Amino acid sequence: MTILKHVLENVESQFEMFQILDENGKIVNKDDMPDISDEDLKELMRRMVYTRVLDQRSIALNRQGRLGFYAPTAGQEASQIASHFALEQDDFILPGYRDVPQLIWHGLPLYQAFLFSKGHFHGNQMPKGVPAFSPQIIIGAQYVQTAGVALGMKLRGKKTVAVTYTGDGGTSQGDFYEGINTAGSYKAPAIFFIQNNHFAISVPVELQTNAKTLAQKAVAAGIEGYQVDGMDPLAVYAVTKHARERAINGEGPTLIETLTYRYGPHTMAGDDPTRYRTEDLDSEWEKKDPIVRLRKFLESKKLWDEETENEVIETAKAEIKEAIKQADKYPKQKVTDLISNMYETLPVNLQEQYEIYKEKESK
């Protein structure tokens, strides 16, 4: 038992949280500061602020009945946007249902993102030049798909990576292990993100696993793993850049656990976070807000000010207003649309149902 304890402690010590920017916007790790220009720093901040506004407006639109399914993103901007900022346009994204912001910044028009939330099939149609799948609803399934996409890239000799995201709850699924193990076996160019917001839907992470970190699950698959301060945009960006370089150089996949927090409910479908989270815990994490952190850092470098941020906010509001108007123009999807879009040749049982609904819709 002493030997086993020693082994476990050694594994866990390898996965100490990586951080560059502290809660006060101060650099605490100069040696690992990423090579990022002032213009890129401002663009990263712009995207994070825009995404926060998008989240606020999406919640309001959901409550008005103008959107359907919606998973709030506030608090996870560093994990989502800074990781995406480290990618290239040709990289392939396989998002979870909370990862619509990455798709938008990868090229998905905003109105289509709203159509996805409204359940319209056009919201799942990626435009040409946007290498991505639509958001995966089945928890963890995107990990297996990512292994396949990454292996395809390797076989074609492409210098690109497949990138996917799941939450801490996703690591309890069998697809999680199958995905990282397969990618590791073939040294496929993949980056697997675990956005650990500590509660999955409502279950604390310590009740899901006895592992001290989720990053250390990489050991079982023989791949590299990192635990990162998911509220620190610079740390997330730096680790993602490192993982991408490893992947395109043939060094295999990387598992990245970002320690983050969602400020809102799991989804807008009736979840009440006050039932499983305390006000003290919420307040503790609000002090780590990734936007506040990056804002302080940029202000210290005289790269950001209140006027600039307000301009971003007003631009976001105007573009969101136009996008939802465009989405609202699309007619509601019919049952016959769903059936015909699912199959090129309808099975006999669905042929019968199709005719039934076609008649109902004509009345």
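Student: Which residues does Ile93 touch, not counting residues up to four places away in sequence?

Tutor: Contact means heavy atoms within 4.5 Å. Ile93 touches His84, Leu87, Gln102, His106, Pro131, Ala132, Phe133, Val163 and Tyr165, leaving out residues up to four places away in sequence. Bear in mind that this is a predicted model, where local features need pLDDT of at least 70, side-chain atom pairs count only at pLDDT 80 or more, and totals for chains, interfaces and linings use all residues. Residues are numbered from 1 along each chain as its sequence is written, and side-chain values use heavy atoms, with hydrogens and water left out.

Student: Where is Ile93 found, and is Ile93 buried or exposed?

Tutor: Helices (H or I, at least four residues) and strands (E, at least two) are DSSP runs, numbered from the N terminus. Ile93 is found in strand β1, residues 92-94. Buried means under 20% relative accessible area, exposed over 50%, and partly exposed in between, with a 1.4 Å probe and protein chains only. Ile93 has a relative accessible area of 0%, so Ile93 is buried. The C-alpha atoms of Ile93 and Phe133 are separated by 6.6 Å, although these residues are 40 apart along the chain.

Student: Why is Ile59 called buried?

Tutor: Ile59 is buried because its relative accessible area is 16%. Ile59 lies in helix α2, residues 38-63. With the same exclusion of residues up to four places away in sequence, Ile59 touches Tyr70, Pro72 and Met268.

Student: Is Glu306 buried or exposed?

Tutor: Glu306 has a relative accessible area of 61%, so Glu306 is exposed. Glu306 is found in helix α12.
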